[in-house]
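Biologist: Please take a close look at the side-chain contacts here. I would like the ring pairs and the charged pairs with their geometry.

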Amino acid sequence: MGARITSPGAVIAVEAGTYAETIFTDHPVTIAGRCAAQVHFTSDSAAAPALYVSAVAGLVIRGVTISNGTPGLYLDGASSVTLEDVVV
């Protein structure tokens, strides 16, 4: 999913797999994995989060496992973030 998710209102469907990177978003999107048992976001660095959310209102994350990193999920000024079927 690269460094940035940039389309406000988009639904990003994530296929099964392990994604070893820091995923960054600063737009209200829906990140929808197949299910938490099959989609893993894991940081490629112990010092960086697997998912970094900056100044967003209205983000939805569903069907993923977030692991590694300190912290695994970092909410920087984010509000109204919904987690559904998420393992952290």
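Modeller: What follows goes through the rings, then one threonine, then the charged pairs. This is a predicted model, so local features need pLDDT of at least 70 and side-chain atom pairs count only at pLDDT 80 or more, while totals for chains, interfaces and linings use all residues. Residues are numbered from 1 along each chain as its sequence is written, and side-chain values use heavy atoms, with hydrogens and water left out.

Rings come first. The count is three aromatic pairs (centres of Phe, Tyr or six-membered Trp rings within 6.5 Å; planes under 30 degrees apart are stacked, over 60 edge-to-face, the rest tilted). One of them joins Y19 and F41, edge-to-face, with 5.9 Å between centres and 75° between planes. Y19 sits in strand β2 (residues 17-20) and F41 in strand β5 (residues 39-42), so this contact ties together parts 22 residues apart in sequence. Strands here are DSSP E runs of at least two residues, numbered from the N terminus. F41 has 0% relative accessibility, so F41 counts as buried (under 20% relative accessible area; exposed is over 50%, partly exposed in between; 1.4 Å probe, protein chains only). Elsewhere, ring pairs link F24, Y52 and Y74 into a cluster.

Now the threonine. T25 belongs to strand β3 (residues 23-25). T25 is buried too, because its relative accessibility is 0%. The T25 side chain reaches the backbone oxygen of H27 at 3.2 Å.

E15 forms one with R34, and their closest N and O atoms are 3.7 Å apart. E15 lies in the loop between β1 (11-14) and β2, R34 in the loop between β4 (30-33) and β5, so the bridge ties together parts 19 residues apart in sequence. E15 is partly exposed, because its relative accessibility is 48%. R34 has 54%, so R34 counts as exposed.

E84 and R62 form a salt bridge as well, with the closest N and O atoms 2.8 Å apart. This pair links distant parts of the chain: E84 is in strand β9 (residues 82-87), R62 in strand β7 (residues 60-67), and they are 22 residues apart. E84 has 33% relative accessibility, so E84 counts as partly exposed. R62 has 32%, so R62 is partly exposed.

Methods: Helix = DSSP H or I, 4+ residues; strand = E, 2+ residues; numbered from the N terminus. Polar contact = N/O pair within 3.5 Å; in protein donor to acceptor, adjacent residues only side chain to side chain. Salt bridge = Lys/Arg side-chain N within 4 Å of Asp/Glu carboxyl O.
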